[in-house]
Amino acid sequence: MNEIILAAIFAGVGSVITIIGKVIVDIIKAKKEPDEMDMELKHELEQEKAKNDAAIEAFSKFGEDITKSVEQIKEEVTDLKEQMSTRFEEIDKKIDEYRNETREINKSSLRHEIT
């Protein structure tokens with residue numbers, strides 16, 4: 001009869017150990033496997049990352065567009081500067097021609113008066 005009691009005690013202890021083992025395994029699995037809240041948080045983070053990536057791409061494109069516009073304006077200003085420089089040279093040349101003609105006319109007029 002003592003043997004039966006001992007067997008029953010050991011069987012009970014074995015069952016308790018098995019139950020404790022299962023609980024420990026469930027706790028370890030729970031620690032390793034993400035729960036629903038973790039999955040929702042991960043999903044929200046992925047959505048925010050996608051939004052941030054889209055914003056970065058949009059700002060990058062905007063920056064490229066601005067750079068292109070600035071380069072185009074620089075080219076136009078350089079072209080205008082060259083055109084103005086050419087125009088100023090033409091005007092200076094015409095002023096010099098006018099002065100020379102005026103001098104010749106004045107010389108001719110003075111010669112005529114002297115004679």
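Me: What makes a stretch of residues count as a helix or a strand here?
Reply: Helices are DSSP runs of H or I with at least four residues, and strands are E runs of at least two. In this predicted model, the protein has 2 helices and 0 strands.

Me: Why is the contact between Glu48 and Lys51 called a salt bridge?
Reply: The closest N and O atoms of Glu48 and Lys51 are 3.6 Å apart. A salt bridge requires a side-chain nitrogen of Lys or Arg within 4 Å of a carboxyl oxygen of Asp or Glu, so the pair qualifies. Both residues lie in helix H2, 3 residues apart, about one turn of the helix.

Me: Why is Lys51 called exposed, and why is Glu48 called partly exposed?
Reply: Exposed means over 50% relative accessible area, and Lys51 has 52%, so Lys51 counts as exposed. Glu48 has 40%, which lies between the 20% and 50% limits, and Glu48 is therefore partly exposed.

Me: How do you know that Lys74 and Glu71 meet in a salt bridge?
Reply: Their N to O distance is 3.9 Å.

Terms used: Residues are numbered from 1 along each chain as its sequence is written. This is a predicted model: local features need pLDDT of at least 70, side-chain atom pairs count only at pLDDT 80 or more; totals for chains, interfaces and linings use all residues. Side-chain values use heavy atoms; hydrogens and water are left out. Buried means under 20% relative accessible area, exposed over 50%, partly exposed in between (1.4 Å probe, protein chains only).
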